[in-house]
Amino acid sequence: MAGRINDDDVRAVRDAVPIDAVVSEYLQLRGAGGGNLKGLCPFHDEKSPSFQVSPSKGLYYCFGCQEGGDTVDFVMKIDHLSFAETIERLASQAGITLRYEEGGYTPGRQQGERTRLVEAHKAAAQFYVEQLDGTEAEIGRKFLAERGFDQAAAQHFGVGYSPAGWDHLVRFLRGRGFTDQELILSGLAQESRRNPIDRFRGRLMWPIRDITGEVVGFGARKLRDDDNGPKYLNTPETPLYKKSHVLYGIDLAKKDIAKTSRAVVVEGYTDVMACHLAGVTTAIATCGTSFGGDHIKILRRLLMDNASAEVVFTFDGDAAGQKAALRAFEDDQKFAAETYIAITPGGMDPCELRLAEGDGAVKALIDSRTQLFEFAIRQIIARHNLDTAVGRAAALEEAAPVVAGIKNSSIQHESAVHLAGLLGILDTQFVVRRVSQLARWARERGRGQGGDQRGRGDQRGRPGGPGGDGGPRGQRGGPEGQPAPAAPRGPALNLRSPAHRVERELLKLALQRPELVSPAFDAYGVDEFTAPPYAAVRRTIEDAGGATGADGDYLARVRDTAPDDTVRAMVTELAVEPLHIRREADEAYAGVQLVAVRLAAVNQRVTEVRGALQRLGQQADPDHLAAVQNELWVLQQYGQSLRDRGAAAL
């Protein structure tokens, strides 16, 4: 059985890898104020960024889907890893050697499955690169040279060569300690009658990396006529490689995509290489599949759904290329970015264009892009006979929904006028009205199907974002106010209660700035927090040792002390959510929150005691009656003191 990773090493890994550096490998982050960062949540679809990262606390939290945690939690969830696999990966990034208890460290026995498969791919990629220099690989080097790629280009993209023999890679990886089962599971080998054999033989090899830069698969190009396999052979679906979840070149392009707010989608590995070498460093390609919804999610997180961002598709001008462009247009509404198409001249792809006309021609191709909806409209119109009234009417009915789907309303109107001209319809306003009608119907259908649930809250759930008075948890928006998915069940709260909002703020201070509320906070009873989730957080802070003298491990200790995932998620949320103050929080602000919570508790107790007095009546035992009256007097005096003296009366 695998040994347990030493606890001190786990803590060292948590401290060594900044959460913002890890999260930035998967999505673009921007400033959110108060030292926090925000981006589009990688765990659910959203229009506005509600995913926040707090580098100072080492935590993340999404105010839309309520996912949250630390660096380890993030990597475990996004890459579907076990705890051990996550620690191993982060330790490797940080250069930390892990110690394993219960018998020491044996990599082949103790590392997680995914980690082993990643290491096998890393070793295979290096093996293929080394083979490209051999005599047998001359045909591969010639293939690259004929397409304008020199040795430096091959090295930059990690291009290699798989020997033509049956088991060269299998024997190499066995020598590195990998088992036959691991090689088959990884897709690097396949079963035969006796022993596993190499899956890729006698081919030019492109390593396919995920967004973090890890090799998860390969694309292999046929080189010889006697190879009876397909022109391109990709890694099969494995625990590492899902073709609908990877984009070739994304590891190289992601920073420039985020920086320039533009992504260029091409069709093949050599096209990505040609674009990058020509200066179009935002080029990426799918791997043996069409561009789809999961690919869109990857790009949206990098583009941050910036309305001025661009996604440029390049397709050949032939029938197949036009069909692919129209398929891409069907997904246009999934982007906030504007979508464009760049048609390569003469049926050339970007690689052929660079070879024929140079780097400048590739850049010019991208700069000559036209909006994808305009391309789609022209393709629709071309299918109809515009010389007849029937043909023009049919073209209008097919093209008008396309124009109605344009996100930008001003461009939509301008395009409707343009459509009338293309169709030869003199009554321009008729076309404009038809497009507007279709757009309105589409919006109404969206609302009727629950597309806009904002403002329809009841009184269940808990307070929302920084203001604390959002909708119910199931529909509560994040900092930007977007609706959220359906909520898990939880204690009912009255969202109109100011007490709950101030309780939330005080707990945020206790978690984020404990020095401002200590030691007074630790004297507060759990019963002073009237919202059940907040009472649970207060109890958790108490169980973790309190806020007084909080050290560097304070937040982690509170999260570890939480009795269940629900309370732990609440702690994470409150630790990340910005304080409800524009300036820097200070002792005066903390005092206001402390007083408000205490005063609410005192007022509540006054109400209870008055009710008890009324129930006792004049026939009650005199001593008991006097005791209750005295308690009421003390409470009233304390309440008045809190109102008059503020935090000094605590």
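R203 stands opposite K222 in β10, where strands are DSSP runs of E with at least two residues, and helices are runs of H or I with at least four, numbered from the N terminus. The model is predicted: local features need pLDDT of at least 70 and side-chain atom pairs count only at pLDDT 80 or more, while totals for chains, interfaces and linings use all residues. Residues are numbered from 1 along each chain as its sequence is written, and side-chain values use heavy atoms, leaving out hydrogens and water.

Strand β9 (residues 203-209) and strand β10 (residues 215-222) run antiparallel, joined by seven bridges; two strands count as paired if DSSP finds at least two bridges between them. Both belong to an open sheet of four strands, in the order β6-β9-β10-β11, with antiparallel pairing. At the edges sit β6 (160-162) and β11 (232-234), each pairing on one side only. From one strand to the next, the twist averages 35 degrees. Angles here run from 0 to 180 degrees between N-to-C directions, with axes fitted to C-alpha atoms, for helices over the stretch in contact.

## Helices on the sheet

Helix α6 (residues 113-131) packs on the sheet and touches β6, β9 and β10, contact meaning heavy atoms within 4.5 Å. The direction of α6 makes about 35 degrees with that of β10. Helix α7 (residues 138-146) lies across β9 and β10, and runs at about 70 degrees to β9.

Now to strand β2 (residues 36-39), where N36 is found. N36 counts as buried because its relative accessibility is 6%; buried means under 20% relative accessible area, exposed over 50%, and partly exposed in between, using a 1.4 Å probe and protein chains only.

The side chain of N36 makes a polar contact with the side chain of Q52 at 3.3 Å. Such a contact is a pair of N or O atoms within 3.5 Å; within protein, one must be able to donate a hydrogen and the other to accept it, and residues adjacent in sequence count only if both atoms are side-chain atoms. A polar atom of the N36 side chain also lies 2.7 Å from the backbone oxygen of V576. Beyond neighbours within four places in sequence, the residues in contact with N36 include R30, G31, S54 and P578.

## Backbone details in loops

Q66, in the loop between β4 (59-62) and β5 (68-70), has a positive phi of about 65 degrees although it is not a glycine. Q66 is buried, at 10% relative accessible area.

S261 lies in the loop between α11 (250-260) and β12 (262-266). S261 is not a glycine either, yet has a positive phi of about 55 degrees, and is buried at 11%. Finally, the peptide bond from S518 to P519 is cis, with omega near 0 degrees.
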